[in-house]
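This note sets out some points on the packing of the structure shown below.

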Amino acid sequence: MNMKNHIVILALTVALAACSKPQADESAQDDTLRKVLLQQLKNSHSHEEWFAPFVPALDGVTAEQAAWIDSTDNHSIGQLASHLAFWNGRILQSFQGNTPPEFKDDNKTTFRQLNEQEWKAVTKQLDSIQTEIEKLVENGTDAQVKEWSSTIANLSMHNAYHTGQILYIRKKNGWWKK
C-alpha cells in the first residue's frame, strides 16, 4: 500500500470515528428533549412547580362557577376548559396517527358554554387527554418526540396561558383557596 492509500484510510477512519460520537450525543439529546417535554406537559397538567396547572385550577369549580361570565368579552372557566379539551384532543388524535376532522369553523366556536353535565365531562376529558399525550411522549420513538416537540411546547404554553385566565377568574371571585 502506498502512502496515499494510508492517508485515505486514516482520513476515513477519523471521519467515521467523528461521525459515531454525535450519535451518542444525539441519544442523550433525545432523552433530554423527552424529559423536558414531559416535564412541561405535566407542569401544565397536574404537577405544580412554578405555577398552578389546570387540574388544581379546575378542582372544586362548580358548574355554576364554570358558567360565570363578566360583562366583557372574556370567556368563562367552562369555555376555557372546553377550548383546551377541543384543541388538545385534536393534538392527541394526530399523535395517535389519526387525522382529526377538518376544522373550518372560527376558533370562537371552541369556547363552548357548558351545562352541569357537560362541565363534569369536559374536566374529566381534559385530564384524560393530557394523560394520554404524556404517555405517548413517554413511550414514543425518538423520531416521534422530535417531530412532536414544537407542538408539545406550544400545547404546554397554551395550557398555562388559559389556566392563568381560569385562576384570574377564580381569584377575582374569591373562589381560589390558595
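1. Phe95 has a relative accessibility of 8% and therefore counts as buried, the cut-off being under 20%. The model is a predicted one, and the values in this note are to be read accordingly.

2. Phe95 forms a stacked aromatic pair with Trp148, the centres lying 4.3 Å apart with 15° between the planes. This pair joins distant parts of the chain, since Phe95 belongs to helix 4 and Trp148 to helix 6, 53 residues apart. Trp148, at 6% relative accessibility, likewise counts as buried.

3. The count of aromatic pairs comes to 5. One of them, Phe86 with Trp87, is edge-to-face, at 4.9 Å centre to centre and 90° between the planes. Phe86 is at 28% relative accessibility and so counts as partly exposed; Trp87, at 24%, also counts as partly exposed. Ring pairs link these two residues and Phe103 into a cluster.

4. A further aromatic residue, Trp176, has Lys177 over the face of its ring, at 5.3 Å from the ring centre.

5. In soluble globular proteins, nonpolar side chains tend to be buried together. Here, the largest nonpolar core comprises 21 residues, and those with the most contacts inside it are Leu58, Ile77, Trp119, Val122, Leu126 and Ile166. Two or more residues each come from helix 2 (54–58), helix 3 (63–67), helix 4 (77–95), helix 5 (116–139) and helix 6 (142–172). Helix 4 gives the most to this core, with 5 residues. A second, separate core has 13 residues, among them Leu37, Leu41, Ile129 and Leu155.

6. Which residues is Trp119 in contact with, leaving aside its neighbours within four places in sequence? They are Leu58, Val61, Thr62, Ala63, Ala66, Ile77, Gly78, Ala81 and Leu114.

7. At the start of helix 5, the backbone nitrogen of Gln117 has a side-chain oxygen of Asn115 within 3.0 Å.

8. The length of helix 5 agrees with expectation: at 1.5 Å a residue its 24 residues should span 34 Å, and the C-alpha atoms at its ends are 35 Å apart.

Technical notes. Residues are numbered from 1 along each chain as its sequence is written. This is a predicted model: local features need pLDDT of at least 70, side-chain atom pairs count only at pLDDT 80 or more; totals for chains, interfaces and linings use all residues. Side-chain values use heavy atoms; hydrogens and water are left out. A nonpolar core is a set of buried Ala, Val, Leu, Ile, Met, Phe, Trp, Tyr and Cys residues joined through side-chain atoms within 4.5 Å. Buried means under 20% relative accessible area, exposed over 50%, partly exposed in between (1.4 Å probe, protein chains only). Helices (H or I, at least four residues) and strands (E, at least two) are DSSP runs, numbered from the N terminus. Contact means heavy atoms within 4.5 Å. Rings of Phe, Tyr and Trp (its six-membered ring) pair if their centres lie within 6.5 Å; planes under 30 degrees apart count as stacked, over 60 as edge-to-face and the rest as tilted. A charge sits over a ring if NZ of Lys or CZ of Arg is within 6 Å of the ring centre and within 35 degrees of the ring normal. The expected span of a helix is 1.5 Å times one less than its number of residues. A polar contact is a pair of N or O atoms within 3.5 Å; within protein, one must be able to donate a hydrogen and the other to accept it, and residues adjacent in sequence count only if both atoms are side-chain atoms.
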